[in-house]
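Hello,

Here is the structure that I promised to pass on to you. Please look through it first, and then read the notes below alongside it.

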Amino acid sequence: MLTVHVEADDAPWVDGNALAGPLGEIMGTDLTVAELTCAGCRTTRPLAAMRVFDRAPGLVARCPGCEDVVMRVVRMTGRVLVDVRGSLIVSLPVPTA
Amino acid sequence: MARAAVPGRLTWQPAIVAATRAETATARTLVLDVDGWTGHVPGQHVDVRLTAPDGYMAHRSYSISSAPGPGRLEVTVQAVTDGEVSPYLVDVAEPGDQLEIRGPLGGWFVRRLADRRPALLIGGGSGVAPLMSMVRAATNPTRLLYSTRSPSDALFSADLATAEAAGGGRVAVTKVYTRVAPPGWPAPPRRLDADALAQVAWPREADAVAFVCGPTGFVETMADLLVDIGHDPTNIRTERFGPTGG
């Protein structure tokens, strides 16, 4: 079992940069530069700037403004589920050559 | 099967430990050789995966601390108490060992060569690792503010001095010690505060970009202080490593 040592002065989240690998693997593109519009407070931020709670069975991204969930990623055997109901818009840059 | 990664697809690739360098008593740099590695953008990370003899796998993200280049990269790892991956990387792995990596990862916390703006890099503890890559690759004016507990906790001491000396004035390094300062250090140990930040920050008209990396609390504090002293919030990029489960 994984034992997590939480430093007393530390918050229990990382940021959306941590989703680059888990999402890149299935999407084939870097989603951390995607801008998400939070369905809760309607502010727009790059996924990289969201708070990601990663010490759970899934990965949960929350808006740092209102703390609503903007994305959930759960890995199952053979499938990855991405729940984006907390994001109104996912806006991606057009790939450059 | 060919080992080369399919272009456009992110897959696990074998990486061979070519060498290791102790940075402190609890942190180590691993030099990794990866077939077909084409380099990275300073600030990016890789995921490192270990597989136990029984097939159990664990992976963690580590920042790339080397300058970009083909075929080889370096990650710098701080051992985390009770961690699953980092103690192996810091205390056990040796040259010749094979790991798996995927990456380079992340397109947001990056300093691209084409970005001509001056940069302020702020690192807390082992959060200096991706900033070290930016310092090594710096072609534009770059200031690094590095907060560390004590001289014995400081990463990259020699490399930072080398980069500063070789930078011809382009690279400036300022250290703040939070618990123990070296003998003769001009300031007592202290937390990084607005005053210390204001002393190294670029003037507002410089249109500087700031990169902040460290423990979550450190990053939140520094990002807030930067805004307080007038830094444009849209030019602040952050990377938090949180409660490291390393």
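**Notes on the model**

With 17 C-beta neighbours inside 10 Å, Ala39(A) counts as partly exposed, because that class lies between buried (20 or more other C-beta atoms within 10 Å of its own) and exposed (12 or fewer), with C-beta atoms placed from the backbone. This is a predicted model, in which local features need pLDDT of at least 70 and side-chain atom pairs count only at pLDDT 80 or more, while totals for chains, interfaces and linings use all residues. Residues are numbered from 1 along each chain as its sequence is written, and chains are lettered from A and ligands numbered from 1 in the order in which they are written.

Ala39(A) sits in the loop between strand 2 (35–38) and strand 3 (44–46) of chain A, where strands (E, at least two residues) and helices (H or I, at least four) are DSSP runs numbered from the N terminus. Not counting residues up to four places away in sequence, Ala39(A) touches Asp68(A), Gly86(A), Ser87(A) and Leu88(A), a contact being two C-beta atoms, placed from the backbone, within 7 Å.

Leu19(A) is 20 residues from Ala39(A) along the chain, and their C-alpha atoms are separated by 20 Å. Which residues have the most contacts inside the largest nonpolar core? They are Leu19(A), Val135(B) and Phe211(B), in a core of 85 residues; such a core is a set of buried Ala, Val, Leu, Ile, Met, Phe, Trp, Tyr and Cys residues joined through C-beta atoms within 7 Å. This core draws at least three residues from each of domain 1 (13–105) and domain 2 (119–240) of chain B, with domain bounds coming from an automatic or database domain assignment. Leaving aside neighbours within four places in sequence, Leu19(A) is in contact with residues including Leu31(A), Leu47(A) and Val73(A).

In chain B, the centres of domain 1 and domain 2, taken over C-alpha atoms, are separated by 24 Å, and 15 residues of domain 1 are in contact with 13 residues of domain 2. On the side of domain 1 of chain B that touches domain 2 of chain B, strand 1 (13–24) and strand 5 (72–78) each supply at least two residues.

Finally, chain A averages a pLDDT of 87, with 88% of the residues scoring at least 70; pLDDT is the predictor's confidence in each residue, from 0 to 100. Over residues 1–9 of chain A the pLDDT is below 50.

Best wishes
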